[in-house]
Number of protein chains: 2
Amino acid sequence: MNPILVEVTRGDLVESRHRGAVAIADASGKLVWSCGDVERPIYPRSAVKMLQALTLVESGAADAFGLGEEELALACASHSGEAFHVEAVRAWLGRIGLDEDALACGAPVGADGRPLTRAHHNCSGKHTGFLTDARHLGVETQGYERPDHPVQRRVLAAMAEMAGVDPAHMPVAVDGCTAPAVALPLRALATAVARIADTSCLAPDRAAAARRLDAAVKAKPLYVAGTGRACTALIQAGAGAVSAKTGAEGVFVAAVSSLGIGVALKVDDGATRGAETAIAAVLAALGAVDLHEASVRALSRAPVLDSAGCVVGGRSFSPRLAARLRRVRSTR
Amino acid sequence: MNPILVEVTRGDLVESRHRGAVAIADASGKLVWSCGDVERPIYPRSAVKMLQALTLVESGAADAFGLGEEELALACASHSGEAFHVEAVRAWLGRIGLDEDALACGAPVGADGRPLTRAHHNCSGKHTGFLTDARHLGVETQGYERPDHPVQRRVLAAMAEMAGVDPAHMPVAVDGCTAPAVALPLRALATAVARIADTSCLAPDRAAAARRLDAAVKAKPLYVAGTGRACTALIQAGAGAVSAKTGAEGVFVAAVSSLGIGVALKVDDGATRGAETAIAAVLAALGAVDLHEASVRALSRAPVLDSAGCVVGGRSFSPRLAARLRRVRSTR
């Protein structure tokens, strides 16, 4: 039974509660801290995008097509489809001789119900990264999203290596964007993310790729998510020490280079508000972001407002777990 | 620890899970069936709107202002702000000599980001009901949403009577629409709802009011929620036997007149998808709605699709709990 990570109050009572698990590991795979079941496989969903982009750099594709920090950040992104995201993805597709029709991620529907284009899909940067790798390898681009395509086989192998798991024991389902969705225990996910924060035990090419992606994410946080988004706020608040990435269904990871650790958490019920509250509070307890920063506080201690704008409740991370986490900080 | 009510799968694994509690009571207050903690107070939120509307009928206000089924259904509604909802609320406000400025519920923002008017607020019918009662009682309309206003004092007393609880032990917080949000144990909430399904133990005026509201909800299900909404689908599928109403943060209630029972459930984490899946499955297991009906199945066994429209997972109610519930049906 996973512990309660986040409570949502109204008046004097707890109205809703989010259970979940948190794993913090170092690059050796050692669990630095955890709560809940960190051995059960979970789907990290988009929280593995930095891992999925490693081969794009390692293969030489990023250099061959002259990708800069904006493109690499987009390859690791779940972006909001703002104009600057869409324009950058379209320009990148043009550079590899393709257009939006090549994207397998489908076209989303806008908030106003109008159909958008495929470049607006939050995963369009990841998909363009896959296509770039396929172009560079000289393989068929059609079907690039299938698990048996050469690009995905390399991506899955890199993820398994980073996580320290046998790829034969890594379940693969289908993500919302039609690309493979692997399952990993939170402990293994935290380890993989720690190896982005601390590349000392990686092979030189892998280490260079991890550092380059990490630098791109930190340099272009708006390209990783967008205006007002949690990932963007946490990367900015981390001031060069944090690469944070959300995944659907209540997942969040963060590579904390100042501590050489990876954080991975999953809220059991899949709630985004639970995951955002928890990751902000965990990073604050670790000293990786400043809880006094308004954007961090807005995530970790968000008020519940009524329609007149009055505070009628709030959400917060478990004080007991936060106290335990603060002790981790003093040992690193 | 509440049991898992609903699981969401992806590929071969459970991706997310929703815990919660379910209470089924009869009009005497006897618990017919339950799972999880049904004694802890929860906020039913909008799931008590039929109870909040009782005094509107009992006071004579509904007759004095010639309210029909559409207005009474709107008083019990969390509507979608479709044109027919908004027009009906505006016409009703005109009939009591007021306009939208009198509504304390605030104006929502549309999906496209444009500001809407107060009549669009999902609670505008409930608020217009309160105002109608205030007009009929000849009291100040200003402040009608405050717990100490004569209208709210009567509403809170009626709710406490229906639920069989001491109003002094009924915590009151503020709802999203600024009106009072009471807290009730699920068992008491189910009892109150059962007394709408079976009015035999109520005083004559209260019984008549409950029957009239129940009839209005069943006659005008589109006014209770809207196109494609869960409440509307369940009331329609119930074919005259079910009045169903959702509440924010994972609550659902249903008065099942064919069985003389009230169902009340709360998903711990507040997820709407969990509550909708659970109420549809519970009502199907009780035989109150037909699981073969597409709209019911879409709620109780909703598939998870990728962006290409392929089924990559699904959500479903606990088979173990459904089997236990089917036995309740045979005893009624």
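# A guided tour of a two-chain model

Begin by selecting B:Ser59, which is in contact (heavy atoms within 4.5 Å) with B:Asp133, B:His136 and B:Arg154, leaving aside its neighbours within four places in sequence. Before continuing, note that this is a predicted model, in which local features need pLDDT of at least 70, side-chain atom pairs count only at pLDDT 80 or more, and totals for chains, interfaces and linings use all residues. Residues are numbered from 1 along each chain as its sequence is written, chains are lettered from A and ligands numbered from 1 in the order in which they are written, and side-chain values use heavy atoms, with hydrogens and water left out.

## Stop 1: B:Ser59

B:Ser59 is found in the loop between α2 (54-58) and α3 (61-64) of chain B. Helices here are DSSP runs of H or I with at least four residues, strands are runs of E with at least two, and both are numbered from the N terminus. B:Ser59 has a relative accessible area of 17% and is therefore buried. Buried means under 20% relative accessible area, exposed means over 50%, and partly exposed lies in between (1.4 Å probe, protein chains only).

Now display the side chain of B:Ser59. This side chain reaches the backbone oxygen of B:Leu56 at 3.3 Å, and it reaches the backbone nitrogen of B:Ala61 at 3.1 Å.

## Stop 2: a salt bridge within chain B

Select B:Glu70 and B:Lys220. They form a salt bridge, with the closest N and O atoms 3.8 Å apart; the term denotes a side-chain nitrogen of Lys or Arg within 4 Å of a carboxyl oxygen of Asp or Glu. The pair links distant parts of the chain, 150 residues apart: B:Glu70 lies in helix α4 (residues 69-75), and B:Lys220 lies in the loop between α9 (204-219) and α10 (221-224). B:Glu70 is partly exposed at 29% relative accessible area, and B:Lys220 is partly exposed at 26%.

## Stop 3: helix α14 of chain A

Move to chain A and select residues 319-331, which make up helix α14. Which residues of this helix are buried? They are A:Leu321, A:Ala322, A:Leu325 and A:Val328. The face turned away from the buried side carries the exposed residues A:Pro319, A:Arg320, A:Arg327, A:Ser330 and A:Thr331.

The buried residues pack against β1 (4-10), β2 (13-26), β3 (31-35), α12 (272-285) and β12 (311-317) of chain A. In helix α12, select A:Thr277. A:Thr277 counts as buried, at 0% relative accessibility. Leaving aside its neighbours within four places in sequence, A:Thr277 has contacts that include A:Val6, A:Leu299 and A:Phe317.

## Stop 4: where the chains meet

Show both chains together. The contact takes 39 residues from chain B and 39 residues from chain A. The chains bury about 2,900 Å² between them, 52% of it on carbon and sulfur atoms; buried area is the accessible area (1.4 Å probe) that two parts lose on being put together, summed over both. In chain B, B:Arg10, B:Glu15 and B:Tyr43 lose the most area to chain A, together 20% of what that side buries.

Four salt bridges are counted between chain B and chain A. Select B:Glu15 and A:Arg45, whose side chains meet in one at 3.1 Å, N to O. This pair crosses from strand β2 of chain B to the loop between β4 and α1 (49-52) of chain A. B:Glu15 counts as buried at 3% relative accessibility, and A:Arg45 counts as buried at 9%. Then select A:Arg273 and B:Glu249, whose side chains meet in a salt bridge at 2.8 Å, N to O.

Notes: A polar contact is a pair of N or O atoms within 3.5 Å; within protein, one must be able to donate a hydrogen and the other to accept it, and residues adjacent in sequence count only if both atoms are side-chain atoms.
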